[in-house]
Amino acid sequence: MDNVGSSIVPWLFLFTFIAVIAFGVMQWHKARKAQREHHRSVQAEVHGEPRATDRAPARDPQR
């Protein structure tokens, strides 16, 4: 029983590490998709931040 009890910690560490990496990759993909599709966060809505299309246009670099 001692052998089984001492080997569970590395397995739990490995499982947790893989789960965290997978969750991070999923969130990164989700954020990139939202950025591509110009989604707004709930926090931006609550604080009344302007939409990206409402902002002043970017300066023309040729002028």
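These are my notebook entries on a predicted model.

**Ground rules.** I count residues from 1 along each chain as its sequence is written. Because the model is predicted, I keep local features only at pLDDT of at least 70 and side-chain atom pairs only at pLDDT 80 or more, while totals for chains, interfaces and linings use all residues, and side-chain values use heavy atoms, without hydrogens and water.

**Entry 1: the whole protein.** I looked up the secondary structure first. The protein has two helices and zero strands. Helices (H or I, at least four residues) and strands (E, at least two) are DSSP runs, numbered from the N terminus. Next I checked the surface. The protein exposes about 6500 Å², and carbon and sulfur atoms supply 63% of that area. Accessible areas come from the Shrake-Rupley method with a 1.4 Å probe; for residues, only the protein chains shown count as cover. Of the 63 residues, 2% are buried. Buried means under 20% relative accessible area, exposed means over 50%, and partly exposed lies in between (1.4 Å probe, protein chains only).

**Entry 2: a nonpolar patch.** Which residues form a nonpolar patch on the surface? I noted W11, F13, L14, F17, I18, I21 and V25, with about 770 Å² of accessible area together. Patch residues have over 30% relative accessible area and no salt bridge; like charges are joined within 9 Å, nonpolar side chains (Val, Leu, Ile, Met, Phe, Trp, Tyr) within 5 Å. A salt bridge is a side-chain nitrogen of Lys or Arg within 4 Å of a carboxyl oxygen of Asp or Glu. V25 sits in helix α1 (residues 2-36). V25 is partly exposed, at 42% relative accessible area.

**Entry 3: an aromatic pair.** I found one aromatic pair. F13 and F17 are stacked, 6.3 Å centre to centre with 15° between the planes. The rule: rings of Phe, Tyr and Trp (its six-membered ring) pair if their centres lie within 6.5 Å; planes under 30 degrees apart count as stacked, over 60 as edge-to-face and the rest as tilted. Both F13 and F17 lie in helix α1, four residues apart, about one turn of the helix. F13 is exposed at 61% relative accessible area, whereas F17 is partly exposed at 48%.

**Entry 4: H38.** Where is H38? I placed H38 in the loop between α1 and α2 (42-46). H38 is exposed, with 63% relative accessible area. Its phi is positive, about 60°, although H38 is not a glycine. I also checked R51, 13 residues from H38 along the chain; their C-alpha atoms are 8.9 Å apart.
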